[in-house]
Amino acid sequence: MTTTLYGISNCDTVKKARAWLASHGVEHQFHDFRKEGVPQPQLDEWLRDFGWEKVVNRQGTTWRKLDAAQQAGVRDDASARRFVLAHPSAIKRPVVEWAGGHRTIGFDPAAWALAAGQ
């Protein structure tokens with residue numbers, strides 16, 4: 001299994017994450033949500049593993065641009081799934097599926113070192 005980093009290429013956090021992987025010698029594939037879409041089977045696993053509250057980036061620009069009624073409409077896994085499929089930039093980034101089968105969401109160098117076996 002290969003390590004796969006999911007995100008958006010122009011996201012500053014994703015850029016830092018990709019640089020971290022390269023500097024630590026972690027071979028990986030990059031999946032850009034904007035260019036390749038959100039992989040629905042993986043999204044379902046992320047929602048199951050992390051919960052919709054962590055998958056949806058409620059601090060980001062996409063979320064903040066929504067009106068209160070739209071924000072209130074995202075209230076469970078099913079509504080979050082529909083929302084992020086329509087607005088991929090609202091997924092907290094990066095999501096990494098590590099070669100060993102572990103998943104992380106967000107950029108945390110200490111957690112990543114553990115996940116990468118370093």
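Mentor: Start with glutamate 97, which lies in strand β3. Strands are DSSP runs of E, at least two residues long, and helices are runs of H or I, at least four long; both are numbered from the N terminus. This is a predicted model, where local features need pLDDT of at least 70, side-chain atom pairs count only at pLDDT 80 or more, and totals for chains, interfaces and linings use all residues. Residues are numbered from 1 along each chain as its sequence is written, and side-chain values use heavy atoms, with hydrogens and water left out.

Is glutamate 97 buried or exposed? Its relative accessibility is 8%, so glutamate 97 counts as buried. (Buried is under 20% relative accessible area, exposed over 50%, partly exposed in between, with a 1.4 Å probe and protein chains only.)

Now look at its side chain. A polar contact of 3.0 Å links the side chains of glutamate 97 and tryptophan 46. Another, of 3.3 Å, runs from the side chain of glutamate 97 to that of arginine 103. (A polar contact pairs N or O atoms within 3.5 Å; within protein, one must be able to donate a hydrogen and the other to accept it, and residues adjacent in sequence count only if both atoms are side-chain atoms.) Set aside neighbours within four places in sequence, and the contacts of glutamate 97 include Thr2, Thr4, Tyr6, Gln42, Glu45 and His102. (Contact means heavy atoms within 4.5 Å.)

Follow the tryptophan next. Trp46 is one of the buried residues of helix α3 (residues 40–50), along with Leu43 and Leu47. Viewed down the axis of α3, these buried residues fall within an arc of 100°, so they line one face of the helix. (The arc is that of the directions from the helix axis to the C-beta atoms.) Turn to the face of α3 directed away from the buried side, and you find exposed Pro41 and Arg48. Just after α3, glycine 51 has a positive phi of about 85°.

What do the buried residues of α3 pack against? Their partners are β1 (3–7), α2 (33–36), α4 (52–55), α7 (77–86), β3 (95–97) and β4 (103–105).

Take α7 from that list. Its buried residues are Ser79, Ala80, Phe83 and Val84. They cover an arc of only 125° around the axis, which puts them on the same side of α7. Exposed Arg82 and Ala86 sit on the face turned away from the buried side. The N-terminal end of α7 is capped by aspartate 76, with a side-chain oxygen 3.3 Å from the backbone nitrogen of alanine 78. The buried residues of α7 pack against α3, α4 and α5 (61–64).

Between α4 and α5 there is a loop, and asparagine 57 lies in it. The side chain of asparagine 57 reaches two backbone nitrogens: that of glutamine 59 at 3.0 Å and that of glycine 60 at 3.2 Å. Beyond four places in sequence, asparagine 57 touches Trp63, Ala90, Ile91 and Lys92.

Finish in α5, with arginine 64. Arginine 64 counts as exposed because its relative accessibility is 54%. A polar atom of its side chain lies 2.3 Å from the backbone oxygen of glutamine 59. Leaving out residues up to four places away, arginine 64 touches Gln59 and Gln71. Its C-alpha atom is 9.9 Å from that of alanine 90, 26 residues apart along the chain.
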